Amino acid sequence: VEANMSASNTSNVSLGGYGELHYNNIEDNESIDFHRFVLFMGYEYSDDIRFFSELEVEHSLAGDGKPGEVELEQAYVEIDLNDSTSVKSGLFLVPVGILNETHEPPTFYGVERNPIEGKIIPSTWWEAGALINHKFADGVSFDFAINSGLEVPNDAGVYDFNIRSGRQKVAKANADSLAYTARLKYTAVPGLELAASVQHQTDLTQGVLNADANLYTAHAIYNTGGFGLRALYANWSIDSAEAEATGQDKQDGFFVEPSYRFTDKFGIFARYSEWDNQAGDSFDTTMEQTNVGFNYWPHEDVVFKFDLESRSGAQDGDGFNLGVGYQF
Amino acid sequence: VEANMSASNTSNVSLGGYGELHYNNIEDNESIDFHRFVLFMGYEYSDDIRFFSELEVEHSLAGDGKPGEVELEQAYVEIDLNDSTSVKSGLFLVPVGILNETHEPPTFYGVERNPIEGKIIPSTWWEAGALINHKFADGVSFDFAINSGLEVPNDAGVYDFNIRSGRQKVAKANADSLAYTARLKYTAVPGLELAASVQHQTDLTQGVLNADANLYTAHAIYNTGGFGLRALYANWSIDSAEAEATGQDKQDGFFVEPSYRFTDKFGIFARYSEWDNQAGDSFDTTMEQTNVGFNYWPHEDVVFKFDLESRSGAQDGDGFNLGVGYQF
Amino acid sequence: VEANMSASNTSNVSLGGYGELHYNNIEDNESIDFHRFVLFMGYEYSDDIRFFSELEVEHSLAGDGKPGEVELEQAYVEIDLNDSTSVKSGLFLVPVGILNETHEPPTFYGVERNPIEGKIIPSTWWEAGALINHKFADGVSFDFAINSGLEVPNDAGVYDFNIRSGRQKVAKANADSLAYTARLKYTAVPGLELAASVQHQTDLTQGVLNADANLYTAHAIYNTGGFGLRALYANWSIDSAEAEATGQDKQDGFFVEPSYRFTDKFGIFARYSEWDNQAGDSFDTTMEQTNVGFNYWPHEDVVFKFDLESRSGAQDGDGFNLGVGYQF
């Protein structure tokens, strides 16, 4: 396409974005980082066919020798087959957990995301493939996806079987061993969301070690009046002698997060997180983290955040975090 | 510019994009890649002056140690001098071949682009400079450009005189030796497009080996009823003893692609491609490739693709490709 | 956010951009580069709250081993506290000099920016933090910011105390030692702008050498009829024995630029620049540069530029520059 040919005017285009600036001060280690800057772009082809995308600049600066990167996190075509069934084809967010699909800063408490959806569920986590969504009834929906799989390091190094390092991000990804993801979601009661997902990876090492694995995760979100509660559990079970040798055949964690929103503009929260990426060993490798703090929303889509952080268990450290976030 | 100063509202802005996800399975080598994600942005300054740009994220992920890159592929100001003549200044697509200027996935058959417009014509190929376009009559137009040149490797390595590796992409490009490009295009008969381009490179090595070169290419596109035919020929002729020594002084290729579109939504094609990047030697270095497959368009701007691929000649391998693409 | 949830339609979104292509020929060193390609995106939350951002691709191509980079140069939320006071939070341009905040190519003469706002004021220079702006009266405004600081190299290498190399660009930036910036700006007389800024860096080395520093800068812009004048002075004073040892404890420079615009479309200019990044030593390390040339604006927001360049003092070289630029 060139200038004279008509690129779309903007009538069927949707645009949006979000971003978050973080100041972290943990054990006198002070850093400031525009962690995420995101553009959404969508297009409505017809009532039944649409495109959606999310493009992110992480850490503000991407290039040779620079700390950040540019990431395509969503880019799919969605086709409605009928009123209750639709199919996504392309690159999409894996339907697991709370934050993986909804991670705009004004939607959650805490400067940093909860550690479970990072260390156990490797959010932000996207794969390529096809996903079918079916609504059984108002507030009951089911997703099933065939998607590209993880490829965890397996070269006898320190990152072996590190789930987070296994994300190929659909960038010239090895597609030897695919994965299957299913989710059931219940939102029929106002204020309540319950969801559970299972994912089967046919081989986490993409043909090298024949390490099939299953992820089980469930979460609850409940809001009534100003009171809110979020809780999530996630568990990896990896069928591999190599993973077993280091206790990485089990990797799990959970968090609970009660909160109270006094007004539209102000709310407080506390969050306790506990996780273990070597839960299969007999050593004490459990990490613990507690955050307490507040959100201030001058507008529903703009947020200032503060929280105190205390790390314990197999890790240590105290400090605080400050953040600014927005979405549109 | 800052927030208080008025950035444009969106009334004169045009937005668009395209993308393609590829799954390749050749000789049991399976990979999945969001090969291209593109944003178009244009602005209409007046009836006679406009800006147009194309920004691409290749391979989904760009940064230090990452497989992809962010590329500016078009960014030019176009000024109409009169009803039949206009001038582009800036960074533009070189006016050669079929795909170089029109490469949105719903516009062509085959998951992957034809290999000639990759190995011989190094598409996607952009340069900086000025281009004048003149319409002699309805359906007869002429382009002439003075543009930045290629800089092929010439350090006695394996990529010496590799045309594709010579693209400087207008990124701190060596401008010692410019190039001149001319194209004549005929579209006066409905369904038919004929075009031929010549490019003269004053020195492919930008002052090192004094290797001037000429590219000659011609193509035809014909559509009538459901039947379609595309054919293209391209030939490099390089005046350099160093290139002659390895047979790279001649590099050429062609493809023919008949197709049949049964309905708006479904069409089939076959494509035979043959090329040789060392056509000047006496060895059998000719590559051959045959693809047969189909396109399915649920909407005219959204496409699902499948094709079987068979490689022969100086290369070998069989397999298939699957793709999803869109434009807006 | 996903497709079904509503990303913003485009009604409250503002979009814009600018870009510049440079051809440089200094001492027969010829290069062509799409130096800057920028997208602006803003959102109006309410009359009092807005978001603004500037995303740039430098040198056309960013990725592993590529010459360019992707940079987030602005991304902040601005809240009006009352009619005369507003606060920015996030990542913003430091309020110093002329070009740092207003650098769109049609707004200035010369293909390349003046060297003072590069070598002394490290434009384009952004930091993260909070900035308060107060308008005392029509045409009299004051800015005060608490922002992230520079981190100059200090490993006894050739870039030690190089101000430009000290920009952390809010990318996982060390926030041990913050900085404070104040500016007074006077624009009450039509055609005239006077401004002066002071910045205090608590430690240019972020906790290593305890090198606090002050930047002082002032500039004047005056336009009357076709006549224009720009002048700027900037001075760093660094309190560090290590900087003193190499004369880098003083770094300063200035430029003066008279110009004359004959019509809306055509103007000429001359610019004399002088700077010294080792002004504290007793050697002749002063750089001088003279540019003379013209701008041609076919539209007020599109510009073609040409200038002759002559370097002298502690550097040497002659040549010319050609450029194309636009904004919208």
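Hi everyone, let me start with a term: a residue is buried under 20% relative accessible area, exposed over 50%, and partly exposed in between, using a 1.4 Å probe and protein chains only. What you see above is a predicted model, where local features need pLDDT of at least 70, side-chain atom pairs count only at pLDDT 80 or more, and totals for chains, interfaces and linings use all residues. Residues are numbered from 1 along each chain as written, chains are lettered from A and ligands numbered from 1 in the order in which they are written, and side-chain values use heavy atoms, without hydrogens and water.

Let's begin with the rings. Rings of Phe, Tyr and Trp (for Trp, its six-membered ring) pair if their centres lie within 6.5 Å; planes under 30 degrees apart are stacked, over 60 edge-to-face, and the rest tilted. How many aromatic pairs does the structure hold over all chains? There are 63. One of them is the tilted pair of B:Phe254 and B:Tyr272, 6.1 Å centre to centre with 55 degrees between the planes. B:Phe254 belongs to strand β14 and B:Tyr272 to strand β15 of chain B, so this pair ties together parts 18 residues apart in sequence. Strands, by the way, are DSSP runs of E with at least two residues, numbered from the N terminus. B:Phe254 is partly exposed at 29%, and B:Tyr272 is partly exposed at 26%.

Over in chain A, one aromatic cluster includes A:Tyr23, A:Tyr260 and A:Phe294.

Charges can sit over rings too: NZ of Lys or CZ of Arg must be within 6 Å of the ring centre and within 35 degrees of the ring normal. A:Arg261 does this over A:Trp297, 3.6 Å from the ring centre.

Now for salt bridges, meaning a side-chain nitrogen of Lys or Arg within 4 Å of a carboxyl oxygen of Asp or Glu. Which side chain does A:Glu69 meet in a salt bridge? Its partner is B:Lys66, at 3.5 Å, N to O. That pair crosses between chains, from strand β5 of chain A to the loop between β4 and β5 of chain B. A:Glu69 is buried at 11%, while B:Lys66 is partly exposed at 29%.

In chain B, B:Glu69 and B:Lys169 form a salt bridge of 3.0 Å. B:Glu69 lies in strand β5 and B:Lys169 in the loop between β8 and β9, so the pair ties together parts 100 residues apart in sequence. B:Glu69 is buried at 11%, and B:Lys169 is buried at 12%.

Technical notes:
Helices (H or I, at least four residues) and strands (E, at least two) are DSSP runs, numbered from the N terminus.
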